[in-house]
Amino acid sequence: AAKTKEKKLASEAIEKKTAEVAELGIAVAEMANDLEDTEEALAADKKFITELETSCKTKAAEWEERKNLRAEELVALADTIKVLNDDDALDLFNKVLPKPGAESFMQVQVTAASTRARAMKFLKEGVRAGARADRSRFDAIFLALHGKKV
């Protein structure tokens with residue numbers, strides 16, 4: 001009976017150890033997969049770092065170029081302002097620009113009356129051109145342009 005009990009305990013211990021070995025085997029396999037995944041992630045991260053370093057160097061060079069260009073533009077603007085503020089430029093502007101009261105191509109003033117007159121002219125031409133069918137709309141606009149209530 002003692003031998004049977006001892007055999008039974010040994011069998012249970014063997015089964016327990018076998019289960020532990022199986023669980024440890026699974027754990028080892030999972031760890032191996034995790035190690036493989038981690039190594040792949042590490043390789044991807046190293047590749048990203050090298051690409052990032054290259055990109056940073058490129059961006060730094062572009063920034064320096066942009067900064068130098070802006071500095072040159074500021075110098076050019078300062079020179080332009082200096083030239084435009086010079087007395088020679090004022091004399092040149094006075095020669096080129098028309099004097100007050102002189103004829104020029106630039107429209108200086110438009111009065112409400114002249115705008116009204118132009119609108120009346122266009123409307124009358126529209127009525128003459130064949131829009132007689134709906135003359136009531138034109139009449140209302142004519143009255144409004146003459147300053148009368150509609």
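Tutor: Gladly! Let's begin with Phe 48, Ile 49 and Leu 52, which make a nonpolar surface patch of about 280 Å². Patches are made of residues with over 30% relative accessible area and no salt bridge, with nonpolar side chains (Val, Leu, Ile, Met, Phe, Trp, Tyr) joined within 5 Å and like charges within 9 Å. Accessible areas come from the Shrake-Rupley method with a 1.4 Å probe, and for residues only the protein chains shown count as cover.

Before going on, a word on what you are looking at: this is a predicted model, where local features need pLDDT of at least 70, side-chain atom pairs count only at pLDDT 80 or more, and totals for chains, interfaces and linings use all residues. Residues are numbered from 1 along each chain as its sequence is written, and side-chain values use heavy atoms, leaving out hydrogens and water.

Ile 49 belongs to helix α1; helices here are DSSP runs (H or I, at least four residues), numbered from the N terminus. With a relative accessible area of 43%, Ile 49 is partly exposed, a label for values between buried (under 20%) and exposed (over 50%), using a 1.4 Å probe and protein chains only.

Helix α1 covers residues 2-84 and has the highest confidence in the chain, at a mean pLDDT of 94. That score is the predictor's confidence in each residue, from 0 to 100. Helix α4 (residues 135-145) has the lowest, at a mean of 69. Where pLDDT is low, the predicted coordinates should not be read in detail.

Charged residues come next. On the surface, Glu 30, Asp 34, Glu 36, Asp 37, Glu 39 and Glu 40 gather in a patch of negative charge. Asp and Glu count as negative, Lys and Arg as positive, while His and the chain ends are not counted; each charge is placed at NZ of Lys, CZ of Arg, CG of Asp or CD of Glu. Glu 30 is in helix α1 and is partly exposed, at 47% relative accessibility.

Side chains of opposite charge can pair when their charged atoms come close. Glu 64 and Lys 67 do this in a salt bridge, 3.3 Å from N to O. The rule asks for a side-chain nitrogen of Lys or Arg within 4 Å of a carboxyl oxygen of Asp or Glu, and the count comes to 1. Both partners lie in helix α1, 3 residues apart, about one turn of the helix. Glu 64 is partly exposed at 38%, and Lys 67 is partly exposed at 40%.

Technical notes. Helices (H or I, at least four residues) and strands (E, at least two) are DSSP runs, numbered from the N terminus.
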